[in-house]
Amino acid sequence: MTSVSDQLRTAAKVLRAHADAAEADVDTNPYWRSALTERPDWYANGVRNGLGGPSGELAALMGPDTGRALADWLDHHASILTAATQYDPDSNLARYALAVARALNGDR
């Protein structure tokens with residue numbers, strides 16, 4: 001059985017890989033370029049225009065920077081779980097981190 005820390009680290013790695021790939025796509029694919037907005041907003045603008053509606057708004061919020069921040073959060077909790085002697089793996093925070101990791105890892 002995979003440890004909780006390993007599940008969190010795997011999810012962080014997967015998320016970073018996708019964030020990096022999306023960032024590279026924004027930088028190299030002309031689809032994302034827009035004269036209507038600055039470079040930092042190209043991803044959100046392109047997703048909103050491509051999807052539209054609530055799905056587009058959600059996807060726009062979950063851009064590469066958000067993905068990397070969430071990956072850092074997962075790694076942080078993996079480190080706490082690995083290092084701590086009194087970390088409660090049944091705490092709400094641990095449960096939420098594990099739920100996010102499992103969703104990203106496809107382990108629903």
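The axes of helix H1 (residues 4–28) and helix H4 (residues 64–83) come within 8 Å and cross at roughly 160 degrees, the helices being DSSP runs of H or I with at least four residues, numbered from the N terminus. Axes here are lines fitted to C-alpha atoms over the stretch in contact, and angles run from 0 to 180 degrees between N-to-C directions. H1 and H4 are therefore roughly antiparallel, a term for angles over 145 degrees. The residues of their contact comprise 13 nonpolar, five polar and eight charged.

This is a predicted model, in which local features need pLDDT of at least 70 and side-chain atom pairs count only at pLDDT 80 or more, while totals for chains, interfaces and linings use all residues. Residues are numbered from 1 along each chain as its sequence is written, and side-chain values use heavy atoms, with hydrogens and water left out.

H1 itself has 25 residues and reaches 36 Å from its first C-alpha to its last, close to the 36 Å expected at 1.5 Å a residue; that expectation is 1.5 Å times one less than the number of residues. Its buried residues (under 20% relative accessible area, 1.4 Å probe, protein chains only) are Ser-5, Gln-7, Leu-8, Ala-11, Ala-12, Leu-15, Ala-19 and Val-26. These residues pack against H2, H4 and helix H5 (92–105), with contact meaning heavy atoms within 4.5 Å.

A second pair consists of helix H2 (residues 42–51) and helix H3 (residues 53–61), whose axes also come within 8 Å and cross at roughly 160 degrees. That angle makes H2 roughly antiparallel to H3. Among the residues making this contact are Tyr-43 and Leu-51 of H2 and Gly-53 and Ala-60 of H3.

Conventions:
Helix = DSSP H or I, 4+ residues; strand = E, 2+ residues; numbered from the N terminus. Parallel < 35°, antiparallel > 145°, perpendicular 65-115°, else oblique. Nonpolar A, V, L, I, M, F, W, Y, C, P; charged D, E, K, R; others polar. Buried < 20%, exposed > 50% of the residue type's maximum accessible area, 1.4 Å probe, protein only.
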